[in-house]
Amino acid sequence: MEHEFFFFKDTATTEIYTLSLHDAHPIFRSTSESEARMTSFMHIRREQILREAEGYLDLAMACAEQLPLSASVRNRLAQRALSSLALVDCSRSNKSHCSYLQGQALRLMERFPEAIEYFESAAELDKKNLHIWLALGWCHKRVGKLDMAIQSLEEALAFEPGEAI
């Protein structure tokens with residue numbers, strides 16, 4: 001005699017399956033704990049990806065004056081930074097930092113008008129960050145907007161008057 005509630009043809013297999021589900025139930029019961037772990041994991045992963053992008057940019061810029069990279073190597077490193085940043089949801093936390101890193105990668109690739117957009121976005125979110133204003137001024141200078149470059153440097157000085165720029 002076959003019962004409708006059995007998933008398998010024999011009762012022993014159904015019973016084993018049911019017991020295994022019962023044993024797994026505590027895993028699914030505490031969703032808030034699971035969500036907290038997942039959120040923590042996602043935060044750690046986001047930070048790792050941001051450091052990865054920073055690493056690519058550091059490789060390209062650290063010894064640029066003493067040991068200049070070819071344009072193709074520099075562009076490849078910048079593109080890897082952008083690819084890493086594409087994995088991060090930059091609309092949430094760290095938006096100004098993400099925008100700054102994207103701007104830096106585009107600046108390395110000499111895509112100055114695009115870099116300006118990212119630096120302006122970063123500056124809007126983090127008005128007191130000297131590095132953002134300096135990078136923005138640098139890009140404005142490269143596209144021939146000297147008045148905007150000077151304005152960016154004046155903004156940097158307004159927040160860090162003792163810093164040498």
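Guide: Let us begin with patches. A patch is made of residues with over 30% relative accessible area and no salt bridge; like charges are joined within 9 Å, and nonpolar side chains (Val, Leu, Ile, Met, Phe, Trp, Tyr) within 5 Å. A salt bridge is a side-chain nitrogen of Lys or Arg within 4 Å of a carboxyl oxygen of Asp or Glu. Accessible areas come from the Shrake-Rupley method with a 1.4 Å probe, and for residues only the protein chains shown count as cover.

The model is predicted: local features need pLDDT of at least 70, side-chain atom pairs count only at pLDDT 80 or more, and totals for chains, interfaces and linings use all residues. Residues are numbered from 1 along each chain as its sequence is written, and side-chain values use heavy atoms, leaving out hydrogens and water.

Visitor: Which residues form a nonpolar patch on the surface?

Guide: M38, F41 and M42 do, with about 320 Å² of accessible area together. Of these, F41 is found in helix α2, residues 31-61. Helices are DSSP runs (H or I, at least four residues), numbered from the N terminus.

Visitor: What span is expected of α7, and what does it reach?

Guide: The expected span is 1.5 Å times one less than the number of residues. Helix α7 (residues 146-159) has 14 residues and reaches 20 Å from first C-alpha to last, close to the 20 Å expected.

Visitor: Which residues of α7 are buried, and which are exposed?

Guide: Buried means under 20% relative accessible area, exposed over 50%, and partly exposed in between (1.4 Å probe, protein chains only). In α7, A149, S152 and A156 are buried. They lie on the same side of α7, because they cover an arc of only 60 degrees around the axis, taken from the directions from the helix axis to the C-beta atoms. On the other side, D147, E154 and A158 are exposed.

Visitor: What covers the buried residues of α7?

Guide: Contact means heavy atoms within 4.5 Å. The cover of α7 includes α6 (130-142). In turn, the cover of the buried residues of α6 includes α4 (95-108), α5 (112-125) and α7. Among the buried residues of α6 are W133, L136 and H140.

Visitor: Is S84 buried or exposed, and which residues does S84 touch?

Guide: S84, found in helix α3 (residues 71-85), counts as buried at 4% relative accessibility. Not counting residues up to four places away in sequence, S84 touches I49, E52, A53 and Y56. By contrast, E54 in helix α2 is partly exposed, at 27%; under that sequence exclusion, E54 touches H97 and L101.

Key: Helix = DSSP H or I, 4+ residues; strand = E, 2+ residues; numbered from the N terminus.
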